[in-house]
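I opened the notebook to go through this model one residue at a time. The entries follow in the order I looked things up.

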Amino acid sequence: MAANDFDTDGRTLCAQLDRLVAQGLGAQGLGAQGLRLILVEKLPDAAFAPWARAKAAREPDEVAWLDLLGDGPNLVTGCIVGLDVAGDDLDEALNVVLTGRSVVLVTGLDRSRAPLGERLFRWLDWSATHVPLTVANTRDAAAFLVRLRHHHVAVDQIVAGRVIQSLHRDP
């Protein structure tokens, strides 16, 4: 599936993803029990990443985008405070830079899961605890739900170009 399989010009998908983030942030009104992590299923990174990067560039004070590569000299690339960034790990230095963002958008979960292993899950746990909303793209949310079940997690699927709220997982 390619990005253009979801709609003809990208506007519909972008609007739906923007709405998904707004709804996730709206759930913050629930206080400490609010939604902290949304896993988006069935949408390829090639469709999610351009939207995530553009949103991070447009809203640099609120939104960051990370692309987890899983190997090579830069394990993490992305856009934080409107700047292109590259780093070698999911570490405290990255967390410091992300502190203060309302939303962190993440691509590359699937390709980085095996190479990063436990470090990926520790970072997702940190993000779900310290960032108001993390939205991550994955082919298979079940693999992540098992490890993140102690957080308020939602799984939303993209089917035929539409967001379908498929599952809420509460601790």
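**Entry 1**

The model is a predicted one. Thr107 sits in strand β5, which covers residues 103-107. Is Thr107 buried or exposed? Thr107 is buried, because its relative accessible area is 1% and the cut-off for buried is under 20%.

I then looked at polar contacts of the Thr107 side chain. One goes to the side chain of Trp65, at 3.1 Å. Another joins the side chains of Thr107 and Asp67, at 2.8 Å.

**Entry 2: Asp67**

I followed that contact to Asp67. Asp67 belongs to strand β2, residues 63-68. Its relative accessibility is 13%, so Asp67 counts as buried. Which side chain makes a polar contact with the side chain of Asp67 at 2.3 Å? I found Arg111 there. I also noted the contacts of Asp67, again without residues up to four places away in sequence. They are Leu75, Val76, Thr77, Gly78, Thr107, Gly108 and Arg111. Thr107 therefore turns up in the contact list of Asp67, because heavy atoms within 4.5 Å count as a contact.

**Entry 3: Asn137**

I moved on to strand β6, where Asn137 is placed. Asn137 has 1% relative accessibility and so counts as buried. Its side chain makes a polar contact with the side chain of Asp45, at 2.8 Å.

What else does Asn137 touch, beyond residues up to four places away in sequence? I wrote down Val40, Leu43, Pro44, Asp45, Phe48, Val106 and Leu109. I checked one of these pairs along the chain. Asn137 and Leu43 are 94 residues apart in sequence, and their C-alpha atoms are separated by 7.1 Å.

**Entry 4: Gln157**

Gln157 is in strand β7, residues 153-159. I looked for its side-chain partner and found Glu41, with a polar contact of 2.8 Å. Gln157 and Leu39 lie 8.3 Å apart in space and 118 residues apart in sequence.

**Entry 5: the largest pocket**

How much space lies in the largest pocket? I noted about 150 Å³. Its lining has 10 residues, and Leu43, Pro44, Asp45, Asp110 and Arg139 lie nearest the centre. Two elements give two or more residues to this lining: α4 (109-116) and β6 (133-138). I sorted the lining by class and got 3 nonpolar, 2 polar and 5 charged residues. Three of the names nearest the centre, Leu43, Pro44 and Asp45, I had already written down as contacts of Asn137.

I went through the backbone next. Most residues other than glycine have a negative phi. Which value does Lys42 show? Its phi is near 75°, a positive value in a residue other than glycine. Lys42 is in the loop between β1 (37-41) and α2 (45-58). With 38% relative accessibility, Lys42 counts as partly exposed.

Val81 also has a positive phi, near 50°. I placed Val81 in the loop between β3 (76-80) and β4 (83-87). Its relative accessible area is 39%, so Val81 is partly exposed.

**Entry 6: cysteines**

How many disulfides does a search of the whole structure find? I got 0. Cys14 has 29% relative accessibility and counts as partly exposed. Cys79 has 1% and counts as buried.

**Entry 7: the chain as a whole**

The protein chain has 6 helices and 8 strands. From the N terminus on, the elements run α-β-α-β-β-β-α-β-α-α-β-α-β-β. Of the 171 residues in the chain, 47% are buried.

Key:
Residues are numbered from 1 along each chain as its sequence is written. This is a predicted model: local features need pLDDT of at least 70, side-chain atom pairs count only at pLDDT 80 or more; totals for chains, interfaces and linings use all residues. Side-chain values use heavy atoms; hydrogens and water are left out. On a 1 Å grid over the protein atoms alone, a cavity is a set of points where a 1.4 Å probe fits but cannot get out, and a pocket is an open set with protein on both sides within 12 Å along at least five of seven lines; lining residues have an atom within 4 Å of a point. Grid points are joined across faces, edges and corners, and a volume is the space filled by probe spheres set on the points. Helices (H or I, at least four residues) and strands (E, at least two) are DSSP runs, numbered from the N terminus. Ala, Val, Leu, Ile, Met, Phe, Trp, Tyr, Cys and Pro count as nonpolar, Asp, Glu, Lys and Arg as charged, and the others, Gly among them, as polar. Buried means under 20% relative accessible area, exposed over 50%, partly exposed in between (1.4 Å probe, protein chains only). A polar contact is a pair of N or O atoms within 3.5 Å; within protein, one must be able to donate a hydrogen and the other to accept it, and residues adjacent in sequence count only if both atoms are side-chain atoms. A disulfide is a pair of cysteine sulfur atoms within 2.5 Å.
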